[in-house]
Amino acid sequence: MEQQLKAPPEVKKIADFLRGGGAGLKIRVGALNGKRVDYFKGKSAIKALLSPAYAKLKGVPKITTEEEASTILQAVNAFAFYLRVQRGGPTGSSSSSPKALQIIPEQLFAPKEYYAWFYEGSQWTTYAGGVLMIVILLAGVMFPLWPPIMRLGVWYLSIGMLGLIGLFFAIAIVRLIFYIITVVVASPGIWIFPQLFADVGFVDSFIPLWEWDLPKKKSKKKKSDKKEKSSSKGKSKAEPTSTQNGGAFIEEVEEDDEPAASKPRGGALIEEVEDDE
């Protein structure tokens, strides 16, 4: 846009910062006039200008409060790097489809409003990638014109890469065969290079050399939970059998022919027992 070309250098730097990945600006995808565009909320832009990453920038105004951030963002909005939009419902049948956006004629900046990007940011990475792709294609097409030494080096490099890939597949097949044999001979079986397919580094993929195929142990928390449940069940079952009363229980016994003086009154025997913890 013509307005973006007229922007001061500090405003353009702020727009590049917000559009780049270092700002931490939460980007959403919406649909504006049938095209997908990126948009954000004003509150997220204010947080980006108050972040330590913005404080490290040079050639931009210092921002310490939300009011100052809103003033700067209003200036960036004035040069149409982004425009205030109204967000509607989803454009598709699912709720996760892009929301419909519509530009609002009255442009201002507010933390609760939404703003759609009309600026792609710095394009030097795109240009560099395009140039690199052209160079690679030209180098491939002109391979017959390469010096013999370079062609021989590329041939050795390709053979080495194919050899590494073949060695990887060979190790995978050998470890599977060895595991099947050890399952029959020495159950539960042995894995050679058990970390070969794990999400680890190249060296860690070959450490340890071998390992028994043992089931994974359950966490200690689960075991302690089970013990607590079993103990609580045992206590609940034991409670109905006796009526606890201050560390004593009353047990009814049959009367016998003993003298009345030796009998407890009411035909009941009171026995003291230790308290349960």
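1. How many residues does helix 7 have, and what distance does it reach from its first C-alpha to its last? In this predicted model, helix 7 (residues 148-185) has 38 residues and reaches 55 Å between those two atoms, which is close to the 56 Å expected at 1.5 Å a residue.

2. The buried residues of helix 7 are I171, A172, R175, Y179 and T182, and what covers them includes strand 6 (190-192).

3. A search of the whole structure finds four salt bridges, among them one in which the side chains of D16 and K12 meet at 3.5 Å, N to O. Because D16 and K12 are four residues apart in helix 2 (residues 9-19), about one helical turn separates them. Both count as partly exposed, D16 at 26% relative accessibility and K12 at 38%.

4. R19 takes part in a salt bridge with D38 (3.3 Å, N to O), a pair that links distant parts of the chain, since R19 is in helix 2 and D38 in strand 2 (residues 35-41), 19 residues apart. R19 also forms a salt bridge with E120, with the closest N and O atoms 3.8 Å apart; E120 lies in the loop between strand 5 (114-117) and helix 6 (124-141), so this pair ties together parts that are 101 residues apart in sequence. Through shared partners, salt bridges join R19, D38 and E120 into one network. Within it, D38 is partly exposed at 26% relative accessible area, whereas E120 is exposed at 59%.

5. N77, placed in helix 5 (residues 66-78), counts as buried because its relative accessibility is 3%. Leaving aside neighbours within four places in sequence, N77 is in contact with Y82, L83, R84, Q107, L108, F109 and Y115.

Note on methods. Residues are numbered from 1 along each chain as its sequence is written. This is a predicted model: local features need pLDDT of at least 70, side-chain atom pairs count only at pLDDT 80 or more; totals for chains, interfaces and linings use all residues. Side-chain values use heavy atoms; hydrogens and water are left out. Buried means under 20% relative accessible area, exposed over 50%, partly exposed in between (1.4 Å probe, protein chains only). Contact means heavy atoms within 4.5 Å. The expected span of a helix is 1.5 Å times one less than its number of residues.
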